[in-house]
Amino acid sequence: MVLSEGKIEKSGSYSSAMADRRQLFAEMRALDLDSIRLATYRTACKLRFIQKKCNLHLVDIWNIIEVFRENRLCAMDLSTEFSVSHLQAILSSIFSQLNKRLPTTHQINVDQSISYLLNFLLAAYDLEGVGKISVFVVKMALAALCGGKILDKLRYVFSQISDPNGVMIYSQFDQFLREVLKLPMTVFEGPSFGYTEQSTRTCFPQEKKVSLNVFLDTFMSDPPPQCLVWLLLMHRLANVENVFHPVECSYCHSQSMMGFRYRCQQCDNYQLCQECFWRGHASGSHSNQHQMKEYMSWKSPAKKLSDALSKSLSCASGREPPYPTFSETSEKPLNLTHVVDTWPPRPATQWK
């Protein structure tokens with residue numbers, strides 16, 4: 001699909017591009033993610049859907065940086081604007097290189113991935129159809145949406161908004177928030193995570209020099225700044241999608257759980273799967289206002305007993321175990337004041 005100045009030419013018409021865009025949002029609506037009552041989870045789930053639909057979850061931040069280098073974005077001023085066709089070429093590089101890394105049995109549809117991601121980015125950053133997008137926008141949007149470790153992504157963001165002395169430039173950080181918060185707005189979560197003039201101040205309330213370590217500590221704190229809490233959660237979602245919990249959900253009575261598991265801190269052995277917790281389901285004396293504890297792993301009672309016995313033996317080996325261990329006490333109770341959204345999500349009608 002060839003684009004020029006934001007208009008799709010005959011090889012893939014403008015109406016075809018809009019159809020791809022409508023399909024992307026229609027598939028997201030079909031998942032009924034708007035019924036998730038917590039804004040943070042709702043936003044993270046929507047953007048995780050976009051990430052996976054565009055196959056960006058398979059692309060590491062280091063792969064993104066390499067493509068930037070090959071396309072000479074690193075040498076360009078961050079305010080430089082280029083055409084949509086140039087953006088398409090960058091996305092083509094990303095997904096073509098991805099296919100080279102994937103086994104032949106797991107190849108992706110490059111053209112479709114380009115089309116979905118291109119249309120999502122245009123929906124976020126080119127609402128007026130000007131057909132121009134800045135280097136800074138491309139870097140920040142792709143850094144937020146790609147896969148990889150959150151610390152690596154935050155380090156890259158800091159490299160783009162700091163001076164040669166390694167000190168954050170507040171105006172650049174403010175611009176970063178303006179651009180990255182257009183992603184939640186594009187999935188209709190603007191009321192909860194839209195940019196405000198107070199966003200920068202809420203992250204760094206005191207005007208002081210912000211080094212890389214301060215920057216990382218701020219966003220990896222518990223809780224992180226409210227405006228970007230969805231970004232951290234999106235990475236945690238990716239880490240638990242395939243985690244299995246052999247526990248029955250107390251509401252839907254499913255005999256096992258995938259993803260997050262939630263345990264009530266007031267009701268005896270009352271546990272919910274993520275779908276029931278996210279949608280506010282409750283039964284018996286349990287209330288969805290009760291404090292809940294979120295778990296990202298499962299540890300069997302037998303394993304916990306074995307660990308307790310091992311610790312009680314004075315001659316226990318000091319060697320590291322040959323397998324990873326997970327402790328139920330490692331997770332913290334949820335502070336719902338940071339995640340509950342009292343403002344209902346904006347109806348997803350724009351791309352019908």
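Predicted model: local features only at pLDDT ≥ 70, side-chain atom pairs only at ≥ 80, totals over all residues.

User: What percentage of the residues in the protein chain is buried?
Analyst: A residue counts as buried when its relative accessible area is under 20%. The protein chain has 352 residues, and the buried share of them is 49%.

User: Of the contacts between residues at least 6 apart in sequence, what percentage joins residues at least 24 apart?
Analyst: The contacts considered here are those in the protein chain between residues at least 6 apart in sequence. Residues at least 24 apart are joined by 68%.

User: What part of the accessible surface belongs to carbon and sulfur atoms?
Analyst: The protein chain has an accessible surface of about 17,500 Å². The part that belongs to carbon and sulfur atoms is 52%.

User: How far apart are the end C-alpha atoms of helix α2, and what should the helix span?
Analyst: Helix α2 covers residues 39–53, which is 15 residues. At 1.5 Å a residue it should span 21 Å. The distance between its end C-alpha atoms agrees with this, at 21 Å.

User: How far apart are the end C-alpha atoms of helix α13, and how many of its residues are buried?
Analyst: Helix α13 has 12 residues, 229–240, and should span 16 Å at 1.5 Å a residue. Its end C-alpha atoms are 17 Å apart, which agrees. The number of buried residues in α13 is 9 of 12.

User: How many aromatic pairs are there, and what is the angle between the planes of F204 and F215?
Analyst: The count comes to 17 aromatic pairs. F204 and F215 form a stacked pair, with 6.4 Å centre to centre. Planes under 30 degrees apart count as stacked, and for F204 and F215 the angle is 20°.

User: Why does the F204 and F215 pair tie together separate parts, and how far apart are these in sequence?
Analyst: F204 lies in the loop between α11 and α12, while F215 is in helix α12. The pair therefore ties together parts that are separated in sequence by 11 residues.

User: Are F204 and F215 buried or exposed, and which residues form the aromatic cluster with them?
Analyst: F204 counts as buried at 5% relative accessibility, and F215 counts as buried at 0%. Both belong to one aromatic cluster.

User: Over which rings do R37 and R261 lie?
Analyst: The charged end of R37 is 5.7 Å from the centre of the F277 ring. R261 is 4.4 Å from the centre of its ring. The ring under R37 is that of F277, and the ring under R261 is that of Y295.

User: Is E294 buried or exposed, and which side chain does it contact?
Analyst: E294 lies in strand β9, residues 292–295. With 1% relative accessibility, E294 counts as buried. Its side chain makes a polar contact at 2.7 Å with the side chain of Y262.

User: Which residues does D174 touch, not counting those up to four places away in sequence?
Analyst: D174 is in helix α8, residues 170–180. At 16% relative accessibility, D174 counts as buried. Leaving out residues up to four places away in sequence, D174 touches Y195 and T200.

Notes. Residues numbered from 1 in each chain as written. Heavy atoms only, no water. Buried < 20%, exposed > 50% of the residue type's maximum accessible area, 1.4 Å probe, protein only. Contact = heavy atoms within 4.5 Å. Areas by Shrake-Rupley, 256 points an atom, 1.4 Å probe, with all protein chains shown as cover. Helix = DSSP H or I, 4+ residues; strand = E, 2+ residues; numbered from the N terminus. Expected span 1.5 Å × (residues − 1). Phe/Tyr/Trp six-rings, centres within 6.5 Å; stacked < 30°, edge-to-face > 60°. Lys NZ or Arg CZ within 6 Å of the ring centre and 35° of its normal. Polar contact = N/O pair within 3.5 Å; in protein donor to acceptor, adjacent residues only side chain to side chain.
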